[in-house]
Structure formats: structure tokens, C-alpha cells
Amino acid sequence: MIRTIRVLLIGLGNLGRRFCDLLVEKEPYIEARYGLRLLLVGAADSRGLAYDPHGLDPARVSAIKQAGGTVADYPKAGQARSAVELITRAEADLLCEASPVNLRQGAEPGLTHIRTALRRGMHVVTPNKGPLVLAYQELHALAAEQGVQLRFDGTVAGGLPALYIGQRDLRGAVVRRIEAVPNLVTGYILELLADGLPWEEAVERARSEGVLEADPSFDLDGWDAAAKLIILVNAVMDLPVRLEDVERTGITGVSGAEVLAARREGQVYKLVTTAERRADGGVNLRVAPTPLPADHFLAHLGRKQMGVVYHTDIYGTVMAAIDEPTPLPSAATMLRDIMDIFCCQEPANSNK
Ligand SMILES: NC(=O)c1ccc[n+]([C@@H]2O[C@H](COP(=O)([O-])OP(=O)(O)OC[C@H]3O[C@@H](n4cnc5c(N)ncnc54)[C@H](OP(=O)(O)O)[C@@H]3O)[C@@H](O)[C@H]2O)c1
């Protein structure tokens, strides 16, 4: 018996387009191994949408986007209307939300997309941090009320299953301290500085390789790392923290000379995020460029690697890292989340 899951996909950029490619590549395996057929019934970008209840061709959607077009031009199914209209009207089981992150204007458009889908009884998977950072509790309450699941594995450290490890695999433990390098581009720039590149050249290299956000301050000033820390602490430590709770310093003040001097003393600079439980039940949250001793797990991370360390009361210290030279693993987190929703028996929005 093959079960069909009707999928809407909003955002067809680096991740959304690659997710379409994954739907094509993985279709036979997912059907054979899990008995699931993922049917892309709707897709939207900033200029329009395409909807066909019998299914769009994900390869065609991907080709349109690779050619720089809009899905509104999809033959017969394309329309110059908004993603919200698609989510409001389409018959679907699940929304994949991969629109741009936006911490400044109320996490829009992602927050409205996710709220609308949850209210309509759709499961939601998203790598978009904004809605989770600004409305974590609200969205989880809404999902629980509607009896659907909200998954967001791709919001922290790309394709690294940092949230799965923290929420699922550390069950029964109290996580006392989290240390992470969840932002790829700052680690990359610090490595380039250690190679002796001047700051401007290092930033330009990151920009030309497409790993820097359109607004560079989002990465360089530590906002991205802080946002990921907020999601980690809400999800893994079960503490309702907010962005303004983070003591945040980015890497813009770090000079090449400092990075090189640290190297000579056997230390490695990383933009480290830390959450430390306090005895009073609170938590100290920090994002800061930190010279790590060479034997620290996070000091071993390579140029395009991210990692997390969980210090627990009963499982010891658990460490994980990912090498992510392309956005494919981040796109694949949407697949992982979907598989987990439909192949798992357990309630997913719980870390208890
Ligand atoms: N890139 C990564 O490695 C990575 C890793 C983890 C998480 N993420 C997160 O995943 C999300 C997507 O990232 P990305 O790199 O794929 O971004 P991207 O390349 O900038 O693509 C964003 C997509 O969203 C569409 N879009 C913009 N405004 C929209 C609106 N109002 N309605 C519908 N669609 C809209 C864009 O449309 P057009 O095509 O018309 O411009 C584009 O297709 C972001 O939230 C990001 O933070 C990314």
C-alpha cells in the first residue's frame, strides 16, 4: 500500500529548488522503503504559484527556477498570485516553508505561511528560522491544537541533526550546557583570516561563493548564530528564551592579526554559541568569537563545517559535526522531517 502525501512548497531558491531535485531522485527509494509517495501539488516563489491537485513535475519546477524564471510560468498550472493564496486554497497534507529568513519584520512572509497552513490542519516542515525565533511557543501551541506536527530540523546548523539529537536521542537527560558553531560562513571567514587573507577579501570570497546572507550583518554580527541558539534552547532545554536574552558579539571586530596570534598559541577562533543552565532555573546565552584550545571538539571543525556539543547529566558529553560544502544537506532536512512525521509513531513536538 502506497500512501500519498500532498506537499506544498513555498520558496524555490537554494533549498526549495534542491528539495525538488530530491523529490525526483528519491522517489523510487521512498516508495519502496517507506511506502510513501510525496506528491508536489503546489509551489510558490516571490512572483507567483503553480497548483495542480494531480501533481506538478518537480523536475520542471527545478528547471524553471534554475533558468531564473518564476513558477507562475509553469504550463497551465502557473498563476501570478501569492503564496498565501496557495496555502489558503490548496488541498494538501503538508507545507514545506523555505522562504527567506527575516528577523526584522515579524518573520514575514514565513510566519503567515506557517500559521495559515497549521490553521488549515497541515503539517509544516521548515528550515526558516524567523518564525521559530519569534513565535516558537505560539506555533507549537497552534500545531498541538490542530493535531498536526511542526518540524524545523533545518533551522539549526544546516543538515546536522542537532535538534533530533537534542530532542530525541538525549531523552531522559538534563542538558546542562550547549556549545555550538551553528553558522557556516563565520567559521569559513575566520579560517580565511587564519590563512592570512585581509578581512575584506575574506568577506568577498564568502560572498562570491554564495555562503553569505544577502544582508551580511545577519551572519557577521552574530544574529544568525543567536537565532539558532534560541531555537536550540527552546527545543532542547525546553526554556522559552528570546533573541534579546542573548549576549551577542559578532566577528566584525576580530582582526586577522588576532586570529593568527591565537593560532601561534595553539588556539582556534570560532564564533561559539553557548547556553549554560543556572542554578536558579534560568540560562545564560552567549554568542561570541572565542579562541578555543586546539583539543576542543569545535576547534577541529574545518572550513565549511558546523558542530554542536551537548553536556548532559546522564549521557556524558555528546558531540556531532557536519561537513556541508553545498546547501544539499540543508535542503534534505525537509525530507528528513517529512519522513519523521509520516514514518514515526511518537508525538513529534515533544522533547520529553
Ligand atoms: N541556504 C542554506 O544553506 C540554508 C541552510 C539552512 C536554512 N536555510 C533557510 O532556508 C530558507 C531558504 O533559504 P534559501 O537559501 O533557499 O533562500 P533563497 O535562495 O533566498 O530563496 C528564497 C526563496 O523564497 C522565495 N520568496 C521570497 N519571498 C517570497 C514570498 N513572499 N512568497 C513566496 N516565496 C518567496 C524566493 O522567490 P524568488 O525565487 O522569486 O526570488 C526564493 O525562491 C531561509 O529561511 C534560510 O534561512 C538556508
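**View 1. Glu 191, a buried residue in a helix.** In this predicted model, Glu 191 sits in helix α7, which covers residues 184–194. Count the other C-beta atoms within 10 Å of Glu 191 and you get 20. The cut-off for calling a residue buried is 20 or more, so Glu 191 counts as buried. Look also for Leu 260: it is 69 residues away from Glu 191 along the chain, yet the two C-alpha atoms are separated by 9.8 Å.

**View 2. The whole chain, for orientation.** The chain holds 12 helices and 13 strands. Its C-alpha trace spans about 65 × 45 × 40 Å along the principal axes. For 352 residues, a compact globule would have a radius of gyration near 20 Å, and the chain agrees with that at 20 Å. Buried residues account for 46% of the 352. Take the contacts between residues at least 6 apart in sequence: 71% of them join residues at least 24 apart.

**View 3. An open sheet of six strands.** Follow the strands across and you read β9-β11-β10-β8-β12-β13, with mixed pairing. Strands β9 (246–248) and β13 (317–323) are at the edges; each has a single partner strand, so one side of each lacks a neighbour in the sheet. On average, neighbouring strands here are turned by 20 degrees against each other, direction ignored.

**View 4. Two helices against the sheet.** Helix α10 (residues 223–237) packs on the sheet and touches β8, β9, β10 and β11. The direction of α10 makes about 40 degrees with that of β10. Helix α11 (residues 256–264) lies across β10 and β11, and runs at about 90 degrees to β10.

**View 5. Strand β8 and its two partners.** What holds strands of a sheet together? Strands pair through backbone hydrogen bonds, either parallel or antiparallel. Strand β8 (175–181) pairs with β12 in the antiparallel sense over six bridges, and Ala 180 has Val 308 of β12 as its bridge partner. Is β8 mostly covered or mostly exposed? It is mostly covered, with five of its seven residues buried.

View 6. Strand β12 (residues 305–312) and β13 pair in the antiparallel sense over seven bridges; one of the bridge pairs joins Met 306 to Ile 322 of β13. Ala 320 also belongs to β13. How exposed is Ala 320? It is partly exposed, with 19 other C-beta atoms within 10 Å. Val 308 is 12 residues away from Ala 320 in sequence, but the two are 5.5 Å apart in space, C-alpha to C-alpha. Leaving aside neighbours within four places in sequence, Ala 320 is in contact with Leu 160, Ala 162, Ile 165, Gly 307 and Val 308.

**View 7. The shell around the ligand.** Which residues come nearest to the ligand? Of the 25 around it, they are Gly 11, Gly 13, Asn 14, Asp 45 and Ser 330. Helix α1 (14–34) and strand β2 (36–45) are the elements that give two or more residues to this shell. The largest share, three residues, comes from α1. Sorted by class, the shell has 11 nonpolar, 11 polar and three charged residues.

Methods
Residues are numbered from 1 along each chain as its sequence is written. This is a predicted model: local features need pLDDT of at least 70, side-chain atom pairs count only at pLDDT 80 or more; totals for chains, interfaces and linings use all residues. Two strands pair if DSSP finds at least two bridges between them. Helices (H or I, at least four residues) and strands (E, at least two) are DSSP runs, numbered from the N terminus. Axes are lines fitted to C-alpha atoms, for helices over the stretch in contact, and angles run from 0 to 180 degrees between N-to-C directions. Two residues are in contact if their C-beta atoms, placed from the backbone, lie within 7 Å. A residue is near a molecule or strand if its C-beta atom, placed from the backbone, lies within 6 Å of it. Ala, Val, Leu, Ile, Met, Phe, Trp, Tyr, Cys and Pro count as nonpolar, Asp, Glu, Lys and Arg as charged, and the others, Gly among them, as polar. A residue is buried if 20 or more other C-beta atoms lie within 10 Å of its own, exposed if 12 or fewer, and partly exposed in between; C-beta atoms are placed from the backbone. The radius of gyration is taken over C-alpha atoms; the globule rule is 2.2 Å times the number of residues to the power 0.38.
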